[in-house]
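Please keep the model open while you go through this note. Each point can be checked by eye.

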Amino acid sequence: MGTSFLTENSQTTVSKRWRRRYTSRLRLVDAGVVIWAVAGAFGIRFGFSDISDSHAKDTDYVILSVALVASWWLMLELWGSRDPRVLGSGTEEYKRVIASSVWLFGAVAVVSYALRIDTARGYVGLAFPAGAFGLLVGRWLVRQHLTLERRRGESSARVLIIGGVYSAAHLVRSLLSVPAAGYRPVAAHMPGAAAAADLAVVGVPVTGVETDFDSIMESILKADVDAVAISAGVNIHPKDLRRLGWELAARDIGMILAPALTDVAGPRIHTQPVAGLPLIHVSTPKLTGGKKVAKRSFDLVVAGMLVAMLSPVFLLLAILVKLTDGGPVFYRQERIGLRGTTFSMLKFRSMKVDADAQLQALLRAQGSAGTPLFKVENDPRITPLGRVLRKFSLDELPQLLNVLGGSMSLVGPRPQREGEVALYDDAAHRRLYVSPGMSGLWQVSGRSNLSWEESIRLDLYYVENWSLMGDVMILLKTFKAVFASTGAV
């Protein structure tokens, strides 16, 4: 077995080329940002004029600035923020950018204190936040370009799936549903599979069903892939699996293990080696104690700031709603919140005054009276102003008052009516374990165009894997989702 299966112009070479190109692009962006941040902080604090004739202390800061730029750029490399495995999707890339920056400036503070160096606080205080913010924005912009490439089938790792028929099919569907992650299934090897009909459900060409090591390795080399993903139910001897890992490492092919865990995020997974086996522990999600305090504090601070900034918008919209037909400005609706409690959710009124009285007749007319997440198609009850408010989710702004009052959160599963909650199964009831939110994971993943099952799955993922950083990312995506006009929440 060996080099006879490799071609001179292989797809793997193309994949490695895009990785080098993308990493080089990030290095240039990072260099530009840190130079901009440090030079800008120097200019604001000390000025750029006549640097050559300045005092020795200012000259020392020029040297410090050069060293800081080089160290910052190097820290980003050492911290793995340009590792291809974290690029393109998820928050790990951003976390590493922030972590490397914090450690660098923490080291500057410690060294300054230990050596009694009088480092200008204004200089550091400008360089750090400006640079950290600039790096995040730069990485986000580069990521958008990479996402476009990956949706075209470019700049992605070619993956061969090894595993049982149905677990492999699930893994193929999951990877194909998130092209931005950069994993493109191109083939599958089904050790021990028998029926040809079963193989058709996988969704990619099946290269073989043999269980011996040589046949599996032959399939991998013929498929010319960058990574091998081993799913649950694989019929391979543990010794052959270990040998496979060695061979893949020697050929610079990635090895990915995909356990039969669904909708579980990284922070809940902990590994513990026992007798050479990496046992995976899955912790129970709990939004209590410090996490609960952090989420509530975040809600109060952000909602309070938004209410203060948007108060002129509140006043203008209230006047426009009142002038529409003289009816009430706010619409109050009973919704189900945390642990099944009932609360009044506020909205700017976007419908006619007698809208609720007409609802059941409209639902029966379109045949959706007994379905969850019901919506009236081409709803005649919506006012012309209400259509504008709904298009940009402006009718939802009063829910900031719900957030300040504690009945809602900025981020969480959307609160639903009692009739919808009555249709929940046992799994869907877990949505009520956290406070309902103004925005949520399914709102930024397709909004009302998602099916009921997809919406529940995303809400449960949020409940099971809550994190403060996740809330921040959802809020940042909310603005884009609102103005994309892909369906009102």
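The points below go from the sheet to the helices and then to the cores.

1. Ground rules. This is a predicted model, where local features need pLDDT of at least 70, side-chain atom pairs count only at pLDDT 80 or more, and totals for chains, interfaces and linings use all residues. Residues are numbered from 1 along each chain as its sequence is written, and side-chain values use heavy atoms, with hydrogens and water left out.

2. The sheet. Five strands form an open sheet, in the order E3-E2-E1-E4-E5, with parallel pairing. Strands (E, at least two residues) and helices (H or I, at least four) are DSSP runs, numbered from the N terminus. Two strands pair if DSSP finds at least two bridges between them. Strand E3 (206–208) and strand E5 (254–258) are at the edges with a single partner strand each, so one side of each has no neighbour in the sheet. On average, neighbouring strands are turned by 30 degrees against each other, direction ignored.

3. Strand E4 (residues 227–231) pairs with E5 in the parallel sense over five bridges. Serine 231 has alanine 258 in E5 as its bridge partner.

4. A helix on the sheet. H7 lies across strand E1 (157–162), strand E2 (183–189), E3 and E4. H7 runs at about 155 degrees to E1. Axes are lines fitted to C-alpha atoms, for helices over the stretch in contact, and angles run from 0 to 180 degrees between N-to-C directions.

5. Two packed helices. Helix H7 (residues 213–223) packs against helix H8 (residues 238–250) at an angle of about 35 degrees, and their axes are 11 Å apart. Which residues of H7 and H8 make the contact (heavy atoms within 4.5 Å)? H7 supplies Phe213, Asp214, Met217 and Ile220, while H8 supplies Asp240, Arg243, Leu244, Glu247 and Leu248.

6. The largest core. The largest nonpolar core has 27 residues. Such a core is a set of buried Ala, Val, Leu, Ile, Met, Phe, Trp, Tyr and Cys residues joined through side-chain atoms within 4.5 Å. Phe348, Leu410 and Tyr462 have the most contacts inside this core. Helix H9 (289–325) is one of the elements that give two or more residues to this core. H9 gives the most, with six residues. Apart from this core lies another, of 19 residues, including Val34 and Phe105.

7. Leucine 300 is found in helix H9. Is leucine 300 buried, partly exposed or exposed? Leucine 300 counts as partly exposed because its relative accessibility is 37%, and buried means under 20% and exposed over 50% (1.4 Å probe, protein chains only).

Notes
Contact means heavy atoms within 4.5 Å.
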